[in-house]
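Please open the model in your viewer and keep the selection panel at hand.

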Amino acid sequence: MIKKMHESGVRSEHAYTAALASVGVSFLVWAVSEKKESAGRDRADRWGIFVGEWAPTFFGLGLALAQHEQQDGTFDR
C-alpha cells in the first residue's frame, strides 16, 4: 500500500500535513457541533474525538512513507 501511495505521488510531507490539519479540524468540528447541534456537548465531544483519531493514522502513514522514501532514495532532506 505504501509503495502504491508513493508511486501515485503521495509523500510523507503530505501525510504529516494531513495529520496536523486533522487536529485543527477536530477542534473546529467539536466547536461547530457544540454550537449548531441540539444534541448537546456529548455529541460534540464524540465528533471531535472521531476526527482527532485521524491524526495518529496520518502520522503513521507519514512515517511509513518517509521510510520508503529513504529506502527508495527519494527522501529530500
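Helices (H or I, at least four residues) and strands (E, at least two) are DSSP runs, numbered from the N terminus. Residues are numbered from 1 along each chain as its sequence is written. The model is predicted, so that local features need pLDDT of at least 70 and side-chain atom pairs count only at pLDDT 80 or more, while totals for chains, interfaces and linings use all residues, and side-chain values use heavy atoms, with hydrogens and water left out.

**First stop: α3 and Asp 45**

Select Asp 45, which is found in helix α3. Is Asp 45 buried or exposed, or does it fall in between? Buried means under 20% relative accessible area, exposed over 50%, and partly exposed in between, with a 1.4 Å probe and protein chains only; at 30% relative accessibility, Asp 45 counts as partly exposed.

Now extend the selection to the whole of α3, whose 12 residues reach 16 Å from the first C-alpha to the last, close to the 16 Å expected at 1.5 Å a residue (the expected span is 1.5 Å times one less than the number of residues). Colour Ala 44, Gly 48 and Val 51, which are buried in α3. Looking down the axis of α3, you will see these buried residues fall within an arc of 70°, so they line one face of the helix; the arc is that of the directions from the helix axis to the C-beta atoms. On the other side of α3, Asp 42, Arg 46 and Ile 49 are exposed.

**Second stop: α2 against α3**

α2 and α3 pack at an angle of about 165°, with their axes 8 Å apart, where axes are lines fitted to C-alpha atoms, for helices over the stretch in contact, and angles run from 0 to 180 degrees between N-to-C directions. The two helices α2 and α3 are therefore roughly antiparallel to each other (angles under 35 degrees count as roughly parallel, over 145 as roughly antiparallel, 65 to 115 as roughly perpendicular and the rest as oblique). Contact means heavy atoms within 4.5 Å, and among the residues that meet here are Val 25, Val 29 and Trp 30 in α2 and Ala 44, Asp 45 and Trp 47 in α3.

Next select residues 54–72, the helix α4, which has 19 residues and reaches 27 Å from its first C-alpha to its last. Which residues of α4 are buried? They are Ala 55, Leu 61, Gly 62, Leu 65, Ala 66, His 68 and Glu 69, and, seen down the axis of α4, they fall within an arc of 165°, so they line one face of the helix. The face of α4 turned away from its buried side carries the exposed residues Pro 56, Leu 63, Gln 70 and Gln 71.

With α2 still displayed, note that the axes of α2 and α4 come within 7 Å and cross at roughly 165°. The buried residues of α2, including Ser 12, Ala 15 and Ala 19, pack against α3 and α4.

**Last stop: Gly 73**

Finally, select Gly 73, which follows α4 and has a positive phi, near 85°. Gly 73 is exposed, with a relative accessible area of 61%. Gly 73 and Gly 48 are 25 residues apart in sequence and 38 Å apart in space, C-alpha to C-alpha.
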